Amino acid sequence: QVQLVESGGGLVQAGGSLRLSCAASGRTFSSYAMGWFRQAPGKEREFVSAISRNGGSKAYEDSVKGRFTISRDNAKNTVYLQMSSLKPEDTAVYYCAAVRDVGVAVRTPRRSYDYEYWGQGTQVTVSS
């Protein structure tokens with residue numbers, strides 16, 4: 001069982017930056033692929049970014065490429081999402097997700113149903 005706790009959300013003006021953190025419980029964090037998703041009011045949850053268990057492979061949704069950066073620190077059991085050049089359309093609740101990944105090839109899953117564990121979410125609001 002993995003518990004995920006997000007932090008770092010808040011209110012920021014357009015063009016600003018925020019860094020989200022997701023702290024995971026357990027001793028096998030390095031065996032999990034991690035992802036960030038977001039859900040805006042009235043919309044479905046959508047993929048934002050993912051990182052492989054070793055941090056060597058990363059994936060981004062097209063609208064955040066060049067603005068968001070995902071990273072992880074396996075020694076701290078934490079995954080980060082650095083968000084820059086924020087836009088009002090980035091406003092959403094951001095969720096951290098984890099899935100155990102022990103195969104030979106590392107993965108960066110993009111679909112929400114690929115993930116086993118979810119955090120409670122952190123609100124990001126970008127004002128224009």
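The model is predicted, so local features require pLDDT of at least 70 and side-chain atom pairs count only at pLDDT 80 or more, while totals for chains, interfaces and linings use all residues. Residues are numbered from 1 along each chain as its sequence is written, and side-chain values use heavy atoms, with hydrogens and water left out.

I begin with the fold. The protein chain contains 11 strands and 0 helices; here strands are DSSP runs of E with at least two residues, and helices are runs of H or I with at least four. The C-alpha atoms occupy a box of roughly 45 × 25 × 25 Å along the principal axes. Among contacts with a separation of 6 or more, 61% join residues 24 or more positions apart, a contact being heavy atoms within 4.5 Å.

I turn to burial and surface. Of the 128 residues, 45% are buried, where buried means under 20% relative accessible area, exposed over 50%, and partly exposed in between, with a 1.4 Å probe and protein chains only. The chain exposes about 6,500 Å², and carbon and sulfur atoms supply 46% of that area.

Finally, the aromatic rings. The structure holds 5 aromatic pairs, defined for rings of Phe, Tyr and Trp (its six-membered ring) by centres within 6.5 Å, with planes under 30 degrees apart stacked, over 60 edge-to-face and the rest tilted. Tyr-115 and Trp-118 form an edge-to-face pair, because their planes stand at 65 degrees, with ring centres 6.2 Å apart. Tyr-115 is buried at 7% relative accessibility, whereas Trp-118 is partly exposed at 27%.

Methods. Accessible areas come from the Shrake-Rupley method with a 1.4 Å probe; for residues, only the protein chains shown count as cover.
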